[in-house]
Each structure stands twice: as C-alpha cells, then as structure tokens.
Amino acid sequence: MTLLHFLNCAALTYGPAFLLYKCSKLQEQKATSIVFYSALAYAVTQLAKLVIAATILPSSSSSDTSSFSIIHEFFRIILNYGDIMGVAYVLNEVKASPDTKLLSVGLGWGAAEAFFLNIAPLWIGARGMEFEWKSVQSAIEANITYLLYFGFVLAVFLFKRKVNINAEEQLKQQYQSQQHIASLALFFYCALPSLLSFLRFTLQATEWIVLAIYLAASVG
C-alpha cells in the first residue's frame, strides 16, 4: 500500500510534465537538450542563491523556516531575481523558435524544481505507514509550479525582447507596454513565495487554501 501511494504521488508529480513533453512534440523538434540545459541552469542558479543566502542572511533567519520573518522574506525577494537572470541567460543561449524555446525552458525549469524539491519528501512521506494528504498536496503544488514557470519564462522573454530601431512607432509602443506588464509580473513572481509564507505562518491558512491562492496567482 505504501509503495502504491508513493507511485501514485510520483505519477501525479512528474506524469504531467512527461505527457506534456510527449504531446507537444518537443522530442521531434530536438528540444530535449534545451530541457536538460534549462534544468542544469536551474540547479546552478539555486546553488548560487543558497550560497549567497548563507553568506548574507543572519544564521537565525536563514535556519528558521517555521515562522515569517520580514528580513528573511525581503532578502528572499531580492534573491529570487536570480531566477530572472538564470532564465534570461538560457533564453539567450539556446537556439530554437520562440514557441519551442519558451515551452522547453519552462518545462525544464519546472521539472528540475519538482525533482530537487519533491523527490525526497515523496520518498519519505508517501512510504509512511499511514496515508497523509501532505504528499498529495506536494504533488499538486508541483503541477501548479509548472504553470507558474511557463508564465514566468514568457514574462522574462517579453521583458528582454528588443524592438528594431526602425520599427513603426505603434509597434514600439506595443513592445514597451508588454515590457511594463512583464516587469510587474516578474516582481509578483519574486514576491509570491513570501506571500505564501505570510499566509501559512502569519494567517495560519490551511494548505488547501494556500494551494488555491497559489493556483489563482499562477494562472493569473
């Protein structure tokens, strides 16, 4: 029963990403290398953020994850801008059509987070003697994160896109408007984890409510 529960949670966590990869024909478009390159970039970016956080943050603030700290969350928002730099670097390096590039980078970035953050809790929690909703909630959260990263990668792409200097004035204004919207979306992305922490630890919201708000924010 515990093995079946683990397999179900693992399938719920990683199955949608695999199906998306197959159904979107990324494999036929030779985008596999972009997906893995994005996953590697995610790992390097998070490692750099951890090193910076351990260096800058006070030891009490960086070690305590069971309460809401304004100082900790402020630095967390700043460090999340590292994700923007990481995704922007990958978008500059990979060569593919815009649609393939956005989908591949978003999928690779989201799959890497799902693997590094969920595999150990799933293995430990889902193999317990009693059924716990926590493993299912973690799997649902991983799927919501895929949606968030697809929008995040699109926002980075729009923010860094440059218009031709010889383009029409209307097109320039359209690009500038998109960049303003993208910049707001990127700030919201950086602040979203702190908002969820505030809901969990300060307002004591249930995990289902947090997931619902997370879904609404990711889709919006």
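How does E207 count by relative accessible area: buried, partly exposed or exposed? E207 is partly exposed, with a relative accessible area of 24%, on a scale where buried means under 20% relative accessible area, exposed means over 50%, and partly exposed lies in between (1.4 Å probe, protein chains only).

## Basis of the model

This is a predicted model, in which local features need pLDDT of at least 70 and side-chain atom pairs count only at pLDDT 80 or more, while totals for chains, interfaces and linings use all residues. Residues are numbered from 1 along each chain as its sequence is written, and side-chain values use heavy atoms, with hydrogens and water left out.

## Overall fold

The protein chain has eight helices and zero strands, where helices (H or I, at least four residues) and strands (E, at least two) are DSSP runs numbered from the N terminus. Read along the sequence, the pattern is α-α-α-α-α-α-α-α.

Of the 220 residues of the protein chain, 39% count as buried. When contacts (heavy atoms within 4.5 Å) are taken between residues at least 6 apart in sequence, 80% of them join residues at least 24 apart.

## Packing of α4 against α6

Two packed helices are described by the angle between their axes and the distance between the axes. For helix α4 (residues 70-93) and helix α6 (residues 133-160), the angle is about 70° and the axes are 10 Å apart; the axes are lines fitted to C-alpha atoms, for helices over the stretch in contact, and the angles run from 0 to 180 degrees between N-to-C directions. Helices α4 and α6 are therefore roughly perpendicular to each other, given that angles under 35 degrees count as roughly parallel, over 145 as roughly antiparallel, 65 to 115 as roughly perpendicular and the rest as oblique.

On the α4 side the contact is made by D83, I84, V87, A88, L91 and N92, and on the α6 side by F152, V153, V156, F157 and K160. Sorted by class, the contact has eight nonpolar, one polar and two charged residues, with Ala, Val, Leu, Ile, Met, Phe, Trp, Tyr, Cys and Pro counted as nonpolar, Asp, Glu, Lys and Arg as charged, and the others, Gly among them, as polar.

## Salt bridges

A salt bridge is a side-chain nitrogen of Lys or Arg within 4 Å of a carboxyl oxygen of Asp or Glu, and by this rule the count comes to four. One of them joins R76 to E73, with the closest N and O atoms 3.3 Å apart; both residues lie in helix α4, three residues apart, which is about one turn of the helix. R76 counts as partly exposed at 29% relative accessibility, whereas E73 is buried, with a relative accessible area of 5%.

E141 forms a salt bridge with R200, the closest N and O atoms being 3.9 Å apart. Because E141 lies in helix α6 and R200 in helix α7 (residues 169-202), this pair ties together parts that are 59 residues apart in sequence. R200 also forms a salt bridge with E207, where the closest N and O atoms are 2.8 Å apart. Through these shared partners, E141, R200 and E207 are joined into one network.

## The loop residue Q204

Q204 lies in the loop between α7 and α8 (207-219). Its phi is near 55°, a positive value in a residue other than glycine, and at 58% relative accessibility Q204 counts as exposed.

## Aromatic pairs

Rings of Phe, Tyr and Trp (its six-membered ring) pair if their centres lie within 6.5 Å, and planes under 30 degrees apart count as stacked, over 60 as edge-to-face and the rest as tilted. By this rule the count comes to seven aromatic pairs. Y42 and F116 have ring centres 6.3 Å apart and planes at 20°, so this pair is stacked. Since Y42 lies in helix α2 (residues 32-56) and F116 in helix α5 (residues 98-125), the pair ties together parts that are 74 residues apart in sequence. Y42 is buried, with a relative accessible area of 4%, whereas F116 is partly exposed, with a relative accessible area of 49%.

The rings of F74 and F75 have their centres 5.7 Å apart and their planes at 75°, so that pair is edge-to-face, and F75 counts as partly exposed at 27% relative accessibility. Y42 and F116 also belong, with W109 and F115, to one aromatic cluster.
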